Amino acid sequence: MKSMHMDRHHAKARTALNLDVLRTVISFLPVADLKGIAVVSQPLHEEASREILSRGVHLRSNATKLKSFCDFMLKRDPPLFPYLRTFTLEHLPHRYVDQTSIDPTDILEVLSRAVYLRYLRIRWSDFLFTAESDKRLLITLPKLPDLRRLEVWTRSNTTDTLVAETVLSLRSQLHTLDVPSDPDNQLPPDFPNLLAEQQQSLHRLSICYPSLINAQWTPFPSVRVLYLMIGDKLPSLPQLVQVFPALRELSVSAVGFEVDFMHPSPEHVRARNEALAFQRSGKGWKSLDVLTAATIGDPWVLCLTCPVGSVSLGHYDVGSHGAFVDVVAGARPRKVAVHLACAQYCVRPNTLQNIFVFTSGLEDGTEDGVRGVTHAVLMVSISSFNTGQDTAAIIDTIASHVQDSALEYIHIGLAEYFMSGELDERILKPEDIHEEVKKVIQGIDLELLVSGIAAVGTHLRFVAVTAATRDQSVWKIDRTDNGQLVGRVKNAFSAREIIDREERRHKGTGWFSQ
């Protein structure tokens, strides 16, 4: 009897071990392979389905795939809803607009049963928030007890009222919330205050305030990461600090291109003076990790004088040079990201102070006394209609900003346009690129480019280059008595490791990152 008992025990142990091993193996498989093994047997089908769902489901524009997914989820026995934790619905067509459109009934039924859902994104699928859906989403979402991240992007502001009603009905305490934040949104004017009262554990928030000047707002004491738009386009640093006292990362888009740096409006001058007086009195944030702006106007009006680890300042041109110098001098960052064009208006004249150098603030200079930014991301846009965008012209543009700086590391991006401040595979493999731009980028001599920049950047240790339709490379710069040696880091893993190491410490957590 004892022998039989031991045999059963070992058999169970082997079975458990085999299942653990199987799950470990399939966790490394791409989705295409998982779909392949799902047809082999019922147990493999169960495990593959579980793994696919656990990675998150993203349904976009395809009515047939959406119906197939709904049938799969609703007709399964046993159900697989416990494994659906991340769900994205994007560009779902309205049923009265498109013959291939979608009836919301089944997708709303799936959502109502997905009680373990933690992350839900609804993008440009407005009909889920309309009367045709019988307001079922308003009833369904509050019943999801584990929901921690909610992102709602709408095409039309006509659905904003129901979006607000849905969000304010949630019973779960969110970690991340992204709601319609365009200045023309139709969210109720008191929506930010109602949200602050109900969601007291928010860590990341994307929101639009109608005004920071003419109203009193309830604080969000737990928010650390904020994407902010302002309806009347007037930032107020004292109000921001009062509403978001624990902030670490700020992305602001309010003023836009409406600042005349040569002749600023009285409102912008007043906001700057208010910010300076507020900070001189010892108030304000002690420091920030990240400041991101689409244009230089917003950080210039905010007029921060606390240390900021990393700043992204939008498009540079000589006409706004003084504003760049002013913002960098106030924030004293270690890393700066700017957009450049291969054009004369982006070349810094030698008579103007380098935007990457500051002469006041913390004692963080190099051995020869130069204080300033040590890491830079330079996103160089290549135009489809400009001429003269060759290697020499790009060297002239970048070198004018690197010369006389304390930069130790720069990451150069070469693309037609940049959707974010991250230079990654989305830049390398653009969905659409003009043939003329592709031709220009293919013709750039990367070794010559790096050598030309290294010749004027006397503190540079590494230069990374991410070129659309080409590849990502890292170049190491060694200096000898006879000059400089520039060599490409050939091992791809080592190159990626250098980029991660140099940029990670100045990166922040990123907007809505996992």
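Predicted model: local features only at pLDDT ≥ 70, side-chain atom pairs only at ≥ 80, totals over all residues.
Q: Where do Arg-488 and Asp-471 sit?
A: Arg-488 is in strand E16, residues 483-488. Asp-471 is in the loop between strand E14 (462-467) and strand E15 (472-480). The two are 17 residues apart, and the pair links distant parts of the chain.

Q: How many salt bridges turn up in the whole structure?
A: A search finds 13. One of them pairs Arg-60 with Glu-90, at 3.7 Å from N to O.

Q: Which parts does the Arg-60 and Glu-90 pair tie together?
A: Arg-60 lies in strand E1 (residues 57-60) and Glu-90 in strand E2 (residues 86-90), so the pair ties together parts 30 residues apart in sequence.

Q: And Glu-90, buried or exposed?
A: Buried. Its relative accessible area is 8%, and the cut-off for buried is under 20%.

Q: What about helix H5, how are Glu-109 and Arg-113 placed there?
A: They are four residues apart in helix H5 (residues 104-113), so about one helical turn separates them.

Q: How accessible is Glu-109?
A: Glu-109 is partly exposed, with a relative accessible area of 25%. For Arg-113 the value is 38%, also partly exposed.

Q: Which residues are linked in a network of salt bridges?
A: Glu-408, Arg-461, Arg-501 and Glu-502.

Q: Change of topic. Where is Asp-232?
A: In the loop between strand E7 (225-230) and helix H9 (237-243). Asp-232 is partly exposed, with a relative accessible area of 28%.

Q: What does Asp-232 touch, leaving out residues up to four places away in sequence?
A: Pro-210, Ser-211, Leu-212, Ile-213 and Asn-214.

Q: What does the side chain of Asp-232 do with the side chain of Ser-211?
A: The two side chains make a polar contact at 2.6 Å. The C-alpha atoms of Asp-232 and Ser-211 are separated by 5.6 Å, though the residues are 21 apart along the chain.

Q: Which backbone nitrogen lies 3.2 Å from a polar atom of the Asp-232 side chain?
A: That of Leu-234.

Notes. Residues numbered from 1 in each chain as written. Heavy atoms only, no water. Buried < 20%, exposed > 50% of the residue type's maximum accessible area, 1.4 Å probe, protein only. Contact = heavy atoms within 4.5 Å. Polar contact = N/O pair within 3.5 Å; in protein donor to acceptor, adjacent residues only side chain to side chain. Salt bridge = Lys/Arg side-chain N within 4 Å of Asp/Glu carboxyl O.
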